[in-house]
Amino acid sequence: MNSSSSDSATPHRRRPRYSGKYPKKFSEKYKEHRPDQYPETVSKVVASGKTPAGSHLPIMVPEILEALALNPGSVVIDCTLGYGGHTEAILPEILPDGRLIGLDVDPIEQPKTERRLRELGFGAEVFQVRRSNFAGILKVLSEEKIEGVDALLADLGISSMQIDNPERGFSVKHEGPLDMRMNPNKGQPASAFLEKVSAELFAAILEENADEPNAIRLGSFLAGKKFQTTLELAASIRDYFPQMEGEEQNLTVRRVFQALRIEVNEEWNALDTLLRHLPLALKSGGRVAILSFHSGEDRRVKKAFQAGVRSGIYQAAAEEVIRAGAEERRANPRSIPAKLRWAIRA
Ligand SMILES: C[S@@+](CC[C@H](N)C(=O)[O-])C[C@H]1O[C@@H](n2cnc3c(N)ncnc32)[C@H](O)[C@@H]1O
């Protein structure tokens, strides 16, 4: 075989092989992981309404830019850096003299994103990265000696890279350890949580985190059981409801996964803390935009913004939730459940 490597001291490493035209395994999606080398492959994947492996399509970018009304020199916090898609769109708007700090708890994806954005030419004078939960926003601001920011974005939940990588244990479709931690170095995996939780508590979690209609029955059935993998849990839920239509079974599996993910990552605690600290993080006239993906998140954001307007903390807030347009929903189905709300600090 003709090696393209010019470095004869480097042992040749075989490129991962495709198993067919449409690779199924995450690790086989070789070309999608190298968008700079294979732009055509990536464009084809996007045109087919899918997210290229190893990346994340940012949602409602024009709507978010409009809500944040950025200017050259703006100081911005992206609370949920992820793949950096929103950050990449924000950075040119705040140059020159602007500054954006990107937070994320994910120690696996965050360094890749930092590298990607540095390669796009964003230096440390304009773009900084912090490994932090957004619940710790006030600590970050004080350490960075920032009194208040002009704009803040939170795009809640998990990224496509996290969902699509079976090793992370978020996927209902691919076999992987039942983990679901955004930061695998902290807390306990979903499998350990499920093994220890009581039936009553798990039923309440299923209801609170995912509006699960069969919360009580599923709570008794699943709590205390030991599941090693994602597909083991998914199959067990399907088997428990043999009379259900396949689509309803799938929705039930998704709701259980969502409930577990929220619990394992203490997502309510983080969001409630962020919403409480937001007024202290924003300058007067500073703007916040939050993208949420399910009813529990949106309820919290809506309530906090409405209460803030009533008490005079915010001078204005979105009256109606903003949804992705038809074109974006078609091109990126992950935008379908997204709900955007904004507010402006008084
Ligand atoms: C939906 S993705 C963000 C995608 C990003 N806007 C983009 O354009 O690529 C959510 C990201 O937020 C991170 N995240 C979720 N909750 C967090 C929290 N409480 N604090 C910090 N990061 C969080 C996740 O690890 C994930 O990378």
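In this predicted model, Val-129 makes contacts with Leu-81, Gly-102, Gln-110 and Glu-114, once neighbours within four places in sequence are set aside. Val-129 belongs to strand 3, which spans residues 127–131. Val-129 counts as buried because 21 other C-beta atoms lie within 10 Å. Leu-100 lies 29 residues away from Val-129 along the chain.

The largest nonpolar core contains 51 residues. Within this core, the members that touch the most others are Val-76, Cys-79, Leu-152, Leu-274 and Ala-289. Cys-79 was followed in detail. Residues up to four places away in sequence were not counted. On that basis, Cys-79 touches Leu-103, Phe-134, Ile-137, Leu-152, Leu-153, Ala-154 and Leu-274. A separate core of 28 residues lies apart from the largest one. Its members include Ile-163, Met-182, Leu-218 and Val-256.

The ligand site involves a shell of 22 residues. Thr-80, Gly-82, Tyr-83, Gly-85 and Ala-270 are the closest to the ligand. Two elements each give two or more residues to this shell: helix 3 (85–94) and strand 2 (99–104). By class, the shell comprises nine nonpolar, nine polar and four charged residues.

How values were computed
Residues are numbered from 1 along each chain as its sequence is written. This is a predicted model: local features need pLDDT of at least 70, side-chain atom pairs count only at pLDDT 80 or more; totals for chains, interfaces and linings use all residues. A residue is near a molecule or strand if its C-beta atom, placed from the backbone, lies within 6 Å of it. Helices (H or I, at least four residues) and strands (E, at least two) are DSSP runs, numbered from the N terminus. Ala, Val, Leu, Ile, Met, Phe, Trp, Tyr, Cys and Pro count as nonpolar, Asp, Glu, Lys and Arg as charged, and the others, Gly among them, as polar. A residue is buried if 20 or more other C-beta atoms lie within 10 Å of its own, exposed if 12 or fewer, and partly exposed in between; C-beta atoms are placed from the backbone. Two residues are in contact if their C-beta atoms, placed from the backbone, lie within 7 Å. A nonpolar core is a set of buried Ala, Val, Leu, Ile, Met, Phe, Trp, Tyr and Cys residues joined through C-beta atoms within 7 Å.
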